[in-house]
Amino acid sequence: MTKPFWNVLKVSPVVVAATFFVANSTLAAEVNEQATSVAQLSQETDNLGQVTSVSQFSDVQPTDWAFQALQSLVERYGCIAGYPNGTYRGNRALTRYEFAAGLNACLDRVNELIATATADLVTKQDLATLQRLQEEFSAELATLRGRVDSLEARTAELEANQFSTTTKLVGEAIFNVSDVFGDTRVGGADLQSNTTFADRVRLNLYSSFSGKDQLQIRLQAGNIVSNSSVTGTNMTRLGYDVATADNSVGIDKINYAFNLSDAIRVKVDAAGGELWENVNNFNPDFASSARGAISRYGRFSPIYRQGAGGAGITVTFNPGGPLSISGAYLATTANNPSDGNGLVNGASTAFGQIAFQPSKAFNVGLSYAHTYQNNSSNVNLFGSTGSALANQPFGRVATTSNNYGVEATFQPSSKFTIGGWAGYTVATAESGANVGKNANAFYWAATLGLKDLGREGNVLGVIFGQSPKITDNEATTGEDLDTSYHLEGLYKIKVSDNIQVTPGLLVIFNPEHNDANDTIYVGTLRTTFTF
């Protein structure tokens, strides 16, 4: 009968088992292949996981010639590790550095056994063998220790010079070239526009104090001017223009999110609260102002613009689950102590949403928002999307509205996404000559996204719909006469992980829901840098 080779060579099973251990050591591979952080090395080692029996390895059988060696190392010394998937991978090639790393692990374990008065488990033969191995691989062990010392020094230097132990900076910059085309602007005058080149920069400071919470402070500066002054309608607005277009820097968002429990997520907005960031908006390909749709209306349903810019709280039950429920309250002028303002007496929005997400391929939501707006908040029911009449159906008077929405996203494959939304609003005049009278508004849109078209990471997008329109009005201000249609095409080109270039064209038919107005075209080239 053939004897195991370690008996022939007079080598302890420790040697063979150590060889098998280091052949599969992710820690050694990391050290040998690339310099990484001490924390990452520790994490990789933790992922291997100690085993208590060789039978835990799915690819090691009792009939294997090395089974006894592995069993000895497990039962006597407990210094063997396997991969998270329960395999050992004993046929993998071995380097001297990997062998040295495994040997070092076994030496540490033997020293531990000796220190805890369990030295009877360690035989003289094993100690002699380990001593010879240590001498043989002294150079490799010294090299490994040197690398670890170097990594620890680099880590200490990074920690000493890092911006913050709790905060990271995430930046975003947009360079945008745009122009407007058409015969006439809304109202019939000649449309006169110049090509513009402008920017918007956002710096986000994200802080976490427990690992499950997040404090966000965002600074913004930009000079992308709304093109509505040229076209005569908000329907042509870009999705990333700025209110203060002089590149002055200001804090436009402060919020803190945390888990009240495993099933409840809470977000408190001190300033700049936006529902489309607090809850699922069901338009993942186009919701971002910097990487999504080029138009304001094409980003998501206007129901998520209710209460924009305010302060308040959002609570989500079972976030990330197949069925989640969200509730929010935002006050637009919460910081103003004067009459008709404040947290409860001024303009406000109460919002609720049920999101059904049985899989990544299908998501649907039912949304409701009750809003109150007054003169202090400059009545704007749909966040400057749709017609001017839709945003102020009774003029600039206090107005309440009940908003109902349905949103959905369907992804039949990883390359193809369709989605859309529809909304219905009942607005009521709370002051002025039309007090107590109602007006109804309706809007809808459909989206199409083709991913990895032409190149991995690229996305071709098409958005078509009808922005908010007053379909019925009891007040003397009247209704929108005709129907505008919104058509948008864009192609997101992934230049790198940090640079995206998006050419796009926006076409508005019958602007302001009036077929007497000529079609208006908006061409744009947006380049987005993230860092």
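## Burial and the chain as a whole

A residue counts as buried when its relative accessible area is under 20%, as exposed when it is over 50%, and as partly exposed in between. The structure discussed here is a predicted model.

The protein chain has 531 residues, of which 45% count as buried. Its secondary structure consists of 12 helices and 16 strands. The accessible surface is about 25100 Å², and carbon and sulfur atoms account for 56% of this area. Among contacts between residues at least 6 apart in sequence, 64% join residues at least 24 apart.

## Salt bridges around Glu-277

The whole structure contains nine salt bridges. In one of these, Glu-277 pairs with Arg-218, with 3.9 Å between the closest N and O atoms. Glu-277 belongs to helix H10 (residues 275-278) and Arg-218 to strand S3 (residues 214-222), so that this pair links parts of the chain 59 residues apart. Glu-277 has a relative accessibility of 36% and therefore counts as partly exposed, whereas Arg-218, at 4%, counts as buried.

Glu-277 also forms a salt bridge with Lys-253, at an N to O distance of 3.2 Å. Because Lys-253 lies in strand S4 (residues 250-261) and Glu-277 in helix H10, the pair ties together parts 24 residues apart in sequence. Lys-253 is buried, with a relative accessible area of 1%. Through shared partners, salt bridges join Arg-218, Asp-252, Lys-253, Glu-274 and Glu-277 into one network.

## The pair Arg-237 and Asp-241

Another salt bridge connects Arg-237 and Asp-241, whose closest N and O atoms are 2.8 Å apart. Arg-237 counts as buried at 14% relative accessibility, and Asp-241 is buried at 12%.

Definitions and conventions
Residues numbered from 1 in each chain as written. Predicted model: local features only at pLDDT ≥ 70, side-chain atom pairs only at ≥ 80, totals over all residues. Heavy atoms only, no water. Helix = DSSP H or I, 4+ residues; strand = E, 2+ residues; numbered from the N terminus. Buried < 20%, exposed > 50% of the residue type's maximum accessible area, 1.4 Å probe, protein only. Contact = heavy atoms within 4.5 Å. Areas by Shrake-Rupley, 256 points an atom, 1.4 Å probe, with all protein chains shown as cover. Salt bridge = Lys/Arg side-chain N within 4 Å of Asp/Glu carboxyl O.
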